[in-house]
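Please keep the sequence and the model at hand while reading.

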Amino acid sequence: MWLGELLKDVNVVSINENLMTTEVADIKIDHRSVKKGDVFIALKGVSHNGNDFAGEAINNGASCVISEDKLPFKNSVQVENARSAYAIMSKHYFSDACDNLRMIAITGTNGKTTTANSIASLLKTAGAKAGVIGTLGASFNGKNIETGFTTPDPYILHKILNKMAGEGAEFVVMEVSAHALALSKVDGIKFEIGVLTNITEDHLDFFEDMDCYAKTKFKLFEQGRIKLGIICGGKEYSVQAAENAQVPIITYGIDGDYDVCAKNVNMTFQNSHFVCDYIGEKSEIDMPLVGAYNVENALASIAVCRSLGIDKKLIQLGMNCLPTVEGRFNVINISGRNIVIDFAHTPDGLEKVLKTAKELTGDKIVVVFGCGGNRDRFKRPIMGHIAEKYADFIVLTSDNPRFENPKEIIKEIGQGIKGDYICEEDRKKAIEWTLSNFCNNETIIIAGKGGEKYQDINGIKYPYNDFDVVYNYFRKNIKPINNLQKTNANIIKNKENNDFCEENEIK
């Protein structure tokens with residue numbers, strides 16, 4: 001493929017016209033992997049600037065270097081936005097496959113994964129071939145590929161889209177993160193529908209403030225990116241999102257003046273029932289997902305599918321047999337105990353899970369959670385406060401500490417808790433301790449990691465899974481429920497000591 005073909009739709013500032021007919025072997029953003037005939041795109045990152053490695057890329061055989069700056073090389077091209085160029089060039093390199101797919105984008109702080117998978121499931125019920133790309137990887141035709149990011153980097157993304165298109169996909173439902181929009185990862189993709197689930201506290205380590213974070217998500221609703229926007233009403237930033245949208249908007253929500261509305265909502269710990277009013281068209285919905293937030297996710301899914309012309313009876317059928325999403329309010333019932341595993345890793349997510357559990361059961365609530373390292377530190381005490389508000393007992397532990405000290409992360413969460421809590425840095429031990437000490441009248445919430453299969457510690461992803469810890473514990477320790485002792489209230493100490501808690505010590 002010629003360079004000129006790859007640069008179509010890219011905002012080029014300056015170029016030697018002779019380069020337009022340069023044959024391109026591949027696209028690279030890592031100078032170390034450049035081979036003869038490759039194009040090297042010099043991206044500016046947090047700790048590295050690709051321009052600093054442009055000379056090495058050329059020495060390695062690069063036929064051309066793409067940069068936002070004017071570089072002192074004859075075979076360099078200056079573009080307005082290197083990341084946007086990377087996305088658009090990747091699209092062209094993989095035969096513009098996304099143009100032959102009906103693309104649906106889901107953005108929002110929480111609910112993206114459940115909504116994306118629900119939409120894909122409903123489309124499959126209607127006989128369509130749909131793929132999903134998001135937090136859990138990329139899946140199509142029963143095959144799943146881990147991508148490492150909610151929204152993969154452009155080259156990987158378009159390689160996946162090309163593969164899906166080649167295998168007969170008609171629709172692809174994508175989670176589009178705020179980072180992806182900020183870093184131009186989806187530039188060049190024309191989505192048929194875009195959904196905004198919500199905007200709540202998260203990623204303030206990357207974005208300047210909440211307004212900056214929100215405005216980044218609003219980019220999805222710009223003219224040319226999508227044809228129709230679907231926005232959850234009654235949320236912070238909902239009105240602003242709708243007012244800033246440059247495309248037609250459909251709103252959804254529970255018991256309000258929305259285009260798509262849920263009424264007469266009834267829930268148990270196993271399922272939900274409600275009447276869906278889709279722009280005056282009513283239908284009874286039963287689904288195996290629980291919580292008001294999942295009713296909202298369901299409304300978004302219904303709005304998307306009805307907008308695509310899917311028959312309401314097929315949607316009713318599809319909602320009735322929605323598959324649960326791994327790590328999203330998964331209820332494990334063993335020996336009469338309810339244990340909920342959920343990905344909730346933001347203040348809003350944790351509040352929704354704890355509030356739902358409290359509303360659906362008369363049990364006391366016990367929560368085990370931590371916060372990720374090298375991420376938004378502001379949310380840590382907020383999550384501690386939320387845990388204290390809804391839970392009867394709190395166990396703080398490690399999540400994905402990455403390159404931070406887990407003790408310091410736990411300490412920051414604890415700053416939002418006025419009462420007592422217990423600390424156990426080792427997540428496996430924390431869960432086992434909780435399972436061994438709470439039995440008859442408590443619902444245990446294990447939050448933060450959901451279905452993740454690893455724990456990220458000092459740059460190494462160690463095999464780990466919350467589900468495995470729970471099941472392995474019961475395989476070894478299953479006993480008749482009456483033989484289990486109640487939690488010993490004597491372990492609760494007054495929070496007077498300012499020293500950081502050691503293993504199993506109350507702070």
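Aspartate 277 is buried, at a relative accessible area of 12%, where buried means under 20% relative accessible area, exposed over 50% and partly exposed in between, taken with a 1.4 Å probe on protein chains only. This is a predicted model, in which local features need pLDDT of at least 70 and side-chain atom pairs count only at pLDDT 80 or more, while totals for chains, interfaces and linings use all residues. Residues are numbered from 1 along each chain as its sequence is written, and side-chain values use heavy atoms, with hydrogens and water left out.

**Salt bridges overall**
- The structure holds 25 salt bridges, each being a side-chain nitrogen of Lys or Arg within 4 Å of a carboxyl oxygen of Asp or Glu.

**Aspartate 277 and its partner**
- Aspartate 277 pairs with lysine 282 in a salt bridge with an N to O distance of 3.2 Å.
- Lysine 282, in turn, is partly exposed, with a relative accessibility of 48%.

**A pair linking separate parts**
- Lysine 407 and glutamate 425 form a salt bridge whose closest N and O atoms are 2.8 Å apart.
- Lysine 407 belongs to helix H13 (residues 406-414), whereas glutamate 425 sits in the loop between strand E21 (422-423) and helix H14 (427-437), so the pair ties together parts 18 residues apart in sequence; helices (H or I, at least four residues) and strands (E, at least two) are DSSP runs, numbered from the N terminus.
- Lysine 407 is partly exposed at 32% relative accessibility, and glutamate 425 is partly exposed with a relative accessible area of 32%.

- Glutamate 452 and lysine 449 meet through their side chains in a salt bridge of 2.6 Å, N to O, and both residues are buried.
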